[in-house]
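Please look over the sequence and the model shown below before reading on.

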Amino acid sequence: MTALSRRRVLGATGSLAGAAALGLLDTAAAAAPARTDRAATAWRGSRSANGWKILDEAASHTIEGSGLTVRLADGDAATLLLHVARRFHYEIDQLREKDVTGHTTSREVRQPHESNYLSGTAMAIRPHAYPLGVRGGLYPQELVVVRDILAELDGAVVWGGDFTTPQESHFEIALGPAHPKVRGVARKLRSWRDVPGLGAGTVDAFAPERRAAVKAFGRRDAS
């Protein structure tokens with residue numbers, strides 16, 4: 001069953017309990033959300049938590065294949081995050097209007113990582129479906145794709161689902177603007193544009209060699 005079909009069934013059942021009765025949700029996906037009692041506070045300073053300069057405005061960038069746009073910092077940050085959005089669109093579920101948000105000028109944050117939206121170096125995919133404090137919103141096969149994306153980006157981008165207070169809609173640039181990994185991975189992604197058979201829409205995240213690469217990345221990342 002595709003992600004879109006599952007969501008249609010969820011709508012028909014009208015509740016998580018009904019979906020669980022049909023065997024569509026695993027235990028993690030049906031779990032109660034974590035508490036998020038922390039009140040929003042104003043982020044101060046000229047840089048976001050990941051060290052990037054806070055922007056008064058950010059350019060609008062097109063997400064290939066979707067017809068949607070998202071406001072992100074120009075350059076490497078946009079290259080990395082747009083790759084995430086494209087792969088989500090092609091491999092997890094079709095993105096629709098208002099599914100993706102990026103740069104904001106509101107300094108109200110509930111967790112430090114939310115400050116990265118101020119610098120245009122974070123992006124949320126379906127923030128209302130995967131809110132702060134809720135874990136288990138993605139199905140196992142969707143997680144395979146997310147893990148493959150993170151491994152492909154070699155730690156230059158991190159996912160909010162791995163945070164102590166999770167936010168599974170959230171993806172951010174993990175390193176500072178001058179970090180060689182940010183530049184190197186972005187350069188690799190740009191080079192794929194001119195090579196048929198590479199990049200978003202051409203990947204099989206379930207291929208054995210890619211699953212092995214994800215495991216290797218996870219072991220290295222944890223060390």
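An open sheet of 4 strands, in the order S4-S6-S8-S7, is built with antiparallel pairing. Strand S4 (100-101) and strand S7 (157-159) form its edges, and each has a single partner strand, so one side of each is left without a neighbour in the sheet. The model is predicted, and the points below are grouped by topic.

**The sheet and its helix**

- Strands of a sheet pair through backbone hydrogen bonds, in either a parallel or an antiparallel manner.
- Within this sheet, S6 and strand S8 (residues 170-173) are joined by 3 bridges in the antiparallel sense.
- Ala124 faces His170, a residue of S8.
- Helix H3 (residues 76-92) lies across S6, S7 and S8, and its direction makes an angle of about 15° with S6.

**Overall make-up**

- The protein contains 6 helices and 8 strands.
- Read from the N terminus, these elements follow the order α-α-β-β-β-α-β-β-β-α-β-β-α-α.
- Of the 223 residues in the protein, 44% are buried.
- When contacts between residues at least 6 apart in sequence are considered, 67% join residues at least 24 apart.
- The protein has an accessible surface of about 11,400 Å², and carbon and sulfur atoms account for 53% of this surface.

**Ser119**

- Ser119 is found in the loop that connects strand S5 (108-109) with strand S6 (122-125).
- Ser119 counts as buried because its relative accessibility is 1%, which is under the 20% limit for that class.
- The side chain of Ser119 forms a polar contact of 2.8 Å with the side chain of Ser48, and it also reaches the backbone oxygen of Asn116 at 3.1 Å.
- Apart from neighbours within four places in sequence, the residues in contact with Ser119 include Asn50, Trp52, Ala73 and His103.

**Glu168**

- Glu168 belongs to the loop between S7 and S8.
- Is Glu168 buried or exposed? Glu168 is buried, since its relative accessible area is 6%.
- The side chain of Glu168 reaches two backbone nitrogens: that of Gly136 at 2.9 Å and that of Gly137 at 2.8 Å.
- Residues up to four places away in sequence aside, Glu168 touches several others, among them Tyr130, Arg135, Leu138 and Trp159.
- Glu168 and Gly133 are separated by 35 residues in sequence, while their C-alpha atoms are 8.6 Å apart in space.

Notes:
Residues numbered from 1 in each chain as written. Predicted model: local features only at pLDDT ≥ 70, side-chain atom pairs only at ≥ 80, totals over all residues. Heavy atoms only, no water. Helix = DSSP H or I, 4+ residues; strand = E, 2+ residues; numbered from the N terminus. Buried < 20%, exposed > 50% of the residue type's maximum accessible area, 1.4 Å probe, protein only. Contact = heavy atoms within 4.5 Å. Areas by Shrake-Rupley, 256 points an atom, 1.4 Å probe, with all protein chains shown as cover. Polar contact = N/O pair within 3.5 Å; in protein donor to acceptor, adjacent residues only side chain to side chain. Pairing = 2+ DSSP bridges. Axes fitted to C-alpha atoms, helices over the stretch in contact; angles between N-to-C directions.
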